[in-house]
Amino acid sequence: MKQLSNITCTGCSLACNDLVIEIEKNKVVKIWGSCSHGTKRLKELPENRVKCSEKDTDNAIEKAIEILSSARKPLIYGFNLSTNKSIEIGLEIASKVNGVFDSEPSICQLHIPIAKEFKIKNLRFEEILEKSDFIIYLFVNLADTHLRHASKYAVFPRGEYVKSGRESRIVLSIGYRDYETMKISQHNIKVNIGNELELVEKLKNLFINEKVEELKKFNLSAEASMLLLNDYRSSTFISSFIGSHILVNIMANQVYRGIVSLIKEIENSGKISTLIPLAEELNSMGAAIIPYNKYGFTHAIEFSDGNINYNPSITSGIAKLMRDEVDAALIVGSDPFTHLPLSIASKLKKIPVIYIGVRETLTSKISRVAIPTTITGVESGGKIYRTDGVEVELTPFLEPPSEVMNEEDILSKILRGL
Amino acid sequence: MGRGAMPKINPMQIFKLLPRTNCKICGYTCMAFAVKLLQREVKLEDCKPLFTEKKYAENLRKLQELLKPLFEAAETLIKIDEEKCIGCGNCIIACPANVSIDPQVGKGINPINDEVVFTIVDGRIKVLNIEKCRRYPPHRMNCRICEEVCFSKAIEVIA
């Protein structure tokens with residue numbers, strides 16, 4: 001039995017790096033510090049690993065190359081659980097085969113691309129831990145997605161300028177219903193779908209113009225507004241975290257713009273202000289940052305003979321599938337057949353699908369070629385982007401099963417063969 | 001904040017169900033007995049009339065029902081449901097006793113030494129040294145920070 005410390009968790013995009021694990025016979029038997037999401041990923045290794053559809057991985061790769069090179073417009077999709085290098089290779093493949101590169105942020109995590117596109121200043125979690133005295137959670141319930149965010153990075157830790165941790169910090173939680181996050185916040189605002197923009201305007205009025213009024217629509221009395229303003233006035237470092245719940249609004253884009261302008265006005269008023277999107281899966285952030293740094297767009301990028309086309313309503317994976325405009329698909333570490341609407345998912349059945357992933361899913365079942373991979377961060381290493389945009393190195397601690405290659409090698413072999 | 005500041009079982013609730021005769025067979029007045037009962041310094045069986053006289057049978061049943069969670073809880077009068085725990089670690093980092101034992105905890109790092117009050121193991125809360133909790137008798141403090149910050153209602157302060 002051996003004990004390893006400072007292991008990075010791969011359960012979500014927070015990449016907590018203080019885990020201690022005990023390994024026996026190539027199996028994790030005990031973990032200190034991981035939340036239930038992390039425990040599930042590190043300890044309960046998938047029993048139903050996907051089986052290679054061909055004789056061996058090399059044959060499967062050859063078949064994948066065949067499908068991709070004969071396709072007119074393939075869809076390259078997934079990458080939420082991939083390393084940065086895999087994403088880079090995925091982009092190169094898409095560019096080489098004149099395909100469409102898309103990842104999950106285009107469907108369910110729109111807050112990531114939008115916050116990136118608006119070029120909001122991103123500060124590191126470590127800086128927020130040490131200095132931030134006013135924290136705003138916008139449309140995110142930590143108890144569902146980012147379990148350790150409050151205890152590891154934001155609310156509870158004692159920092160250089162916030163000596164008493166939670167007692168020195170003010171937390172404002174904004175959401176659609178009674179979030180568990182509201183249990184740890186001093187100020188809570190519940191908003192109905194459709195009223196978000198109005199709330200942002202009212203908050204701007206309160207914080208910037210110091211106009212105190214009763215907000216009946218948001219169940220906020222004049223006293224509560226006054227209290228919120230007082231807390232805001234006495235703070236210097238305001239960190240906002242935005243989650244994906246906002247997507248229920250059809251006007252999500254406008255609401256983002258409103259929020260971004262609020263954050264910028266707070267910054268202009270002399271306070272430090274930052275907005276960090278809370279991505280959900282391990283490298284959702286990388287899947288948005290890498291294409292953005294390379295091509296200026298975070299998702300839904302269509303390549304055609306060296307040109308780039310970006311128009312999410314036409315070039316996203318969903319739109320392309322809906323219009324029958326893609327004739328093959330390379331799915332990397334994702335399960336679109338399960339989480340896309342049935343009418344769109346069923347289109348995947350009509351085209352040859354190459355699935356590269358760890359476990360058996362519905363997508364792997366309908367795929368023509370299935371290639372098993374190692375588990376990123378557990379059986380193979382690499383670099384990922386934490387949700388605040390910091391690059392984190394993952395070190396593997398378990399031996400992968402024999403004949404299973406890691407994602408980076410599989411993708412680079414495919415790229416070489418094209 | 002400040003939710004659940006009132007104890008869930010209060011002495012008055014217990015007192016109302018006791019015989020209220022101040023017979024002092026147990027050594028205390030009925031009010032004092034109710035307070036001691038809540039602190040788990042005496043047992044319900046110490047009140048003899050409650051068990052011997054038939055007219056108190058209904059009250060006895062109600063009392064047993066009321067005090068059931070109290071006697072199921074630990075010495076700190078905290079009941080922890082590990083099944084409900086999601087491992088967020090809010091309680092671990094917020095706990096003042098934990099931070100004073102292991103200063104690393106104050107920086108948001110989950111403790112791995114055996115000295116702390118509790119820690120997170122395998123995604124669930126694990127109590128290691130209950131006697132270091134601020135609520136441990138006899139010098140009990142009315143600290144309930146762990147219950148206040150718990151996302152999943154896994155920690156419940158009984159009284």
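Biologist: What should I know about the numbering and the model before we start?

Modeller: Residues are numbered from 1 along each chain as its sequence is written, and chains are lettered from A, and ligands numbered from 1, in the order in which they are written. The model is predicted, so local features need pLDDT of at least 70 and side-chain atom pairs count only at pLDDT 80 or more, while totals for chains, interfaces and linings use all residues; side-chain values use heavy atoms, with hydrogens and water left out.

Biologist: How many helices and strands does chain B have?

Modeller: Chain B has seven helices and four strands. Helices (H or I, at least four residues) and strands (E, at least two) are DSSP runs, numbered from the N terminus. Along the sequence the pattern of chain B is α-α-α-α-β-α-α-β-β-α-β. The C-alpha trace of chain B spans about 55 × 25 × 25 Å along its principal axes.

Biologist: What share of the residues in chain B is buried?

Modeller: Of the 159 residues in chain B, 44% are buried. Buried means under 20% relative accessible area, exposed means over 50%, and partly exposed lies in between (1.4 Å probe, protein chains only).

Biologist: Why is A:Asp305 called exposed?

Modeller: A:Asp305 has 65% relative accessibility, so it counts as exposed, the cut-off being over 50%. A:Asp305 is in the loop between β11 (301-304) and β12 (307-310) of chain A. A:Asp305 also has a positive phi of about 50 degrees, although it is not a glycine.

Biologist: Why is A:Asp324 called partly exposed?

Modeller: The relative accessible area of A:Asp324 is 48%, so it is partly exposed; that value falls between the cut-offs of 20% and 50%. A:Asp324 is in the loop between α12 (317-322) and β13 (328-332) of chain A. A:Asp324 is not a glycine, yet its phi is positive, about 55 degrees.

Biologist: And what makes A:Thr361 buried?

Modeller: A:Thr361 has 13% relative accessibility and therefore counts as buried, the cut-off being under 20%. A:Thr361 is in the loop between β14 (353-357) and α15 (362-366) of chain A. Not counting residues up to four places away in sequence, A:Thr361 touches A:Asp335 and A:Tyr355, where contact means heavy atoms within 4.5 Å.

Biologist: Which peptide bond in chain B is cis?

Modeller: The bond from B:Pro137 to B:Pro138 is cis, with omega near 5 degrees. B:Pro138 is in the loop between β3 (124-127) and α7 (145-149) of chain B.

Biologist: How many residues of each chain take part in the contact between chain B and chain A?

Modeller: Chain B gives 29 residues and chain A gives 35 residues. The area buried between chain B and chain A is about 2500 Å², with 53% from carbon and sulfur atoms. Buried area is the accessible area (1.4 Å probe) that two parts lose on being put together, summed over both.

Biologist: Why is the pair B:Lys107 and A:Glu130 called a salt bridge?

Modeller: A salt bridge is a side-chain nitrogen of Lys or Arg within 4 Å of a carboxyl oxygen of Asp or Glu. The closest N and O atoms of B:Lys107 and A:Glu130 are 3.1 Å apart, so the pair meets the rule. The rule finds three salt bridges across the interface of chain B and chain A.

Biologist: Which element gives the most to the side of chain B that touches chain A?

Modeller: That is α7(B), with four residues.

Biologist: How is chain A divided into domains?

Modeller: Chain A has domain 1 (1-44), domain 2 (48-106 + 283-417) and domain 3 (108-277). Domain bounds come from an automatic or database domain assignment. The C-alpha centres of domain 2 and domain 3 of chain A lie 34 Å apart.

Biologist: What makes A:Glu126 and A:Arg386 a salt bridge?

Modeller: The closest N and O atoms of A:Glu126 and A:Arg386 are 2.8 Å apart, and that is within the 4 Å of the rule, so the pair counts. Across the interface of domain 2 and domain 3 of chain A, the rule finds one salt bridge. The area buried between domain 2 and domain 3 of chain A is about 1400 Å², with 58% from carbon and sulfur atoms.
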